[in-house]
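Please have the sequence and the coordinates open while reading.

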Amino acid sequence: MLKTITKWFLYILAGLTVLTIGFLIWYKGAINATYGSKTELADHTAFATPQQLTAITNANVLSPDGQSMLPNRTLILDNGKIVSVSTEATIPTNAKVINAQGKYVIPGLVDSHVHLHKSPNDLLLYVANGVTHIREMGGFPESLEYREEIEQGRIGPKLYVASPPINTKEYAEGKGFEFFSHHEAVQTVEQAEDKIREYVEAGYDAIKTYHLDMPSYRAVNKLSAELGAHTVGHFPLDFTLDELKVTQQRELAHLEEIVSVLIREFGSINKNGSDNFYKHVQDRSDEIIDDLLAKDIVVNSVLLYMENIHDQFSDLEGKLKTVPLEYVNPALVEGTKLIPGFKVGWLPGFNQFEATSHSHEQDYKEYDVYWTAREKAHHILLKAMVERNVKIVAGSDTGGFLVVPGFALHKEIQSLNNGGMTPAQALATATRNPAELMKSDAGIIEVGKRADLVILNKNPLMDIKNTQSIDTVILNGRTLDRQQLDAMLEAVKEANNKSRKVNIDQYL
């Protein structure tokens, strides 16, 4: 009898184990699918374009300092490099000639904060929008593969890949966190240091910190500096702004990092008052900026994302109609509720910021005050930073809610312009500034630089919205005209439509 019971117990245990493993495999697959693993792929090989000797004539060219357009310039491009910029160039007889009369040439744009997730179609969206370099702020191993493929000629923006985000969590919680996300978890300083060595050895371009404890945060930044690795990321949850005086973190992943700490300092905005909070932000700005400048810390803007949050909260249906949803991985737009109480998606019912999540009138009012104040705090800080020349790079945080790959960078620099930057300053955050940060050979137009260029129909120094008037993109010496760029967009849209499960016509 005991043997029979034991046998049945083992059968049941084995069955439950198989079911559990099967469920976890399915669940992980469902998460990956949400981030694009099952979305139909556009054929990127259809846009393969060789490097070729090219002359751009009669162009207005952005000056190296980014302050003016130099008229009547001819650029000669060869082997992916700018070999001549002059007013009297001799055009090689075998060169492809682009007459840019009445047009404006700027460096290729850089989005300094993106998340590809599992969506390689996004690579085409960036190129079609004149974004020739992106910084993946939390890479998958696939991101390193894309980086190599692009270096070998695949059409896509040059890729800078930060490591998977690293967090401090207890063992059991950490293992679950790693399973349900692509973050990494450590329990000790020693484990955190081992992760950094692992990431550097794997070839990541930067170390992405997330919610480390303070000892691990300090150790990671110290070791990264010793290894020559750039650190970028979030602050620990118990971070105080006094730490800015000594931190070795080289870049803040969002302007929001500072705002979040200021909110913790201030306490409840609803209880203590929005006006008092704004005064607190203003009063703290100078000391914060003193420390950023002293430590030469770069701030990644991610302003549009924050502005989008209140828009989604106050009028999600209306906001969706302003976003080119047809180009976004449809599984992400449609969303999922795999984890109870946690929404991942952009549409109503799946969007964590929509006001219906706060149906009680008092809750709605309190969240409205909170999101309004949080957004305004960003603008107060940005204005102060611009006035004192803090180094800022434009990052859109694509992959986040209602932030569309490629398209969003143009909106981001418009937000920076609206927030107090001149068009020239805003353009620099997506060209010269990130190139200097990455020590890349692009970002300005001069001899010897990488031939990453965008030819515009209108002058962006007159109106920053003119960065959207794209005629031609030149990607590492490969010329893509407006017809090819439109074909890229159409290819992504068609691929998405094949994978779409929810009709979005009401938003188009």
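The text below covers the salt bridges of this predicted model and the exposure of selected partners.

A search of the whole structure finds 26 salt bridges.

| Pair | Closest N and O atoms |
|---|---|
| Lys-245 and Asp-291 | 3.2 Å |
| Lys-383 and Glu-387 | 2.7 Å |
| Arg-482 and Asp-486 | 2.9 Å |

The pair Lys-245 and Asp-291 links distant parts of the chain, its partners being 46 residues apart. Lys-245 sits in the loop between β12 (230-233) and β13 (251-252), while Asp-291 belongs to helix α9 (residues 274-294). Lys-245 has 40% relative accessibility and counts as partly exposed. Asp-291 has a relative accessible area of 8%, so this residue is buried.

Lys-383 is partly exposed at 47% relative accessibility. Glu-387 is exposed, because its relative accessible area of 55% is over the 50% cut-off.

Helix α16 (residues 482-499) holds both Arg-482 and Asp-486, again four residues apart, or about one turn of the helix. Both partners are partly exposed: Arg-482 has 26% relative accessibility, and Asp-486 has a relative accessible area of 37%.

Salt bridges with shared partners also join Lys-245, Glu-265, Arg-284, Glu-287 and Asp-291 into one network.

Key
Residues are numbered from 1 along each chain as its sequence is written. This is a predicted model: local features need pLDDT of at least 70, side-chain atom pairs count only at pLDDT 80 or more; totals for chains, interfaces and linings use all residues. Side-chain values use heavy atoms; hydrogens and water are left out. A salt bridge is a side-chain nitrogen of Lys or Arg within 4 Å of a carboxyl oxygen of Asp or Glu. Helices (H or I, at least four residues) and strands (E, at least two) are DSSP runs, numbered from the N terminus. Buried means under 20% relative accessible area, exposed over 50%, partly exposed in between (1.4 Å probe, protein chains only).
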